[in-house]
Amino acid sequence: MIALKVKNTIFVIPVLFCIFVMQGCSCSGNDKQPMNVFVATLDEAIQTTEITDGAYLQFDGRKYDFVTVKRKKMPSMTINFPFTNTGNAPLVILKVDVSCGCLTPAFSRQPVMPGGKGSVRITIDVRSQRGDFNKIVFIKSNAVNDVELLKITGYIK
């Protein structure tokens, strides 16, 4: 059995293998009649099975580049990372960790229903920062993709 993992779906292909192997076979050496082989379309031959049911955390964007910020003019800024629960179970953000004390996360601990939207807000205190800014935010949830990374980059003058 050959199995390929593509976007949380397993494609099982034993039917295709049988079709290709048996395509030229006949029932007996003397029989000139071609073997009746059920030839399925690719869509019929490939059977899909979900790997797992559950929530799926899909961010609209995982990277935010604020380009250049002058810390005297803007001592802090807030970035919003919107997401959608594209799974089939309620999604709960369990924890948000940041790579720097200059980042403060805010998020709802309320479940986001399938198809529902939410967001993770990150406030950046730029007063103590200078130069290239490259920080990571770690999102832990009950989703199938239980850990997601968000990246914030820019330059602080």
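# Close-up views

**View 1. Asp97 and Lys95 form a salt bridge, with their closest N and O atoms 3.6 Å apart.** The model is predicted: local features need pLDDT of at least 70, side-chain atom pairs count only at pLDDT 80 or more, and totals for chains, interfaces and linings use all residues. Residues are numbered from 1 along each chain as its sequence is written, and side-chain values use heavy atoms, with hydrogens and water left out. A salt bridge is a side-chain nitrogen of Lys or Arg within 4 Å of a carboxyl oxygen of Asp or Glu. Asp97 is partly exposed at 34% relative accessibility, and Lys95 is partly exposed at 44%. Here buried means under 20% relative accessible area, exposed over 50%, and partly exposed in between (1.4 Å probe, protein chains only). The whole structure holds 4 salt bridges.

**View 2. Glu148 and Arg62 meet through their side chains in a salt bridge of 2.7 Å, N to O.** Glu148 belongs to strand β11 and Arg62 to the loop between β4 and β5, so the pair ties together parts 86 residues apart in sequence. Strands (E, at least two residues) are DSSP runs, numbered from the N terminus. Glu148 is buried, at 9% relative accessible area, whereas Arg62 is partly exposed, at 35%.

**View 3. Phe59 and Phe83 form an edge-to-face aromatic pair, 5.6 Å centre to centre with 65° between the planes.** Rings of Phe, Tyr and Trp (its six-membered ring) pair if their centres lie within 6.5 Å; planes under 30 degrees apart count as stacked, over 60 as edge-to-face and the rest as tilted. Phe59 is in strand β4 and Phe83 in strand β6, 24 residues apart. Phe59 is buried at 4% relative accessibility, and Phe83 is buried at 3%.

**View 4. Phe66 and Phe133 form a tilted pair, with ring centres 5.4 Å apart and planes at 55°.** Phe66 lies in strand β5 and Phe133 in strand β10, so the pair ties together parts 67 residues apart in sequence. Both Phe66 and Phe133 are buried.

**View 5. Ile124, Ile139 and Ile152 touch the most other members of the largest nonpolar core, which has 28 residues.** Strand β6 gives the most to this core, with 4 residues. A nonpolar core is a set of buried Ala, Val, Leu, Ile, Met, Phe, Trp, Tyr and Cys residues joined through side-chain atoms within 4.5 Å. Leaving aside neighbours within four places in sequence, Ile139 is in contact with residues including Leu57, Phe59, Val120 and Leu150; contact means heavy atoms within 4.5 Å.
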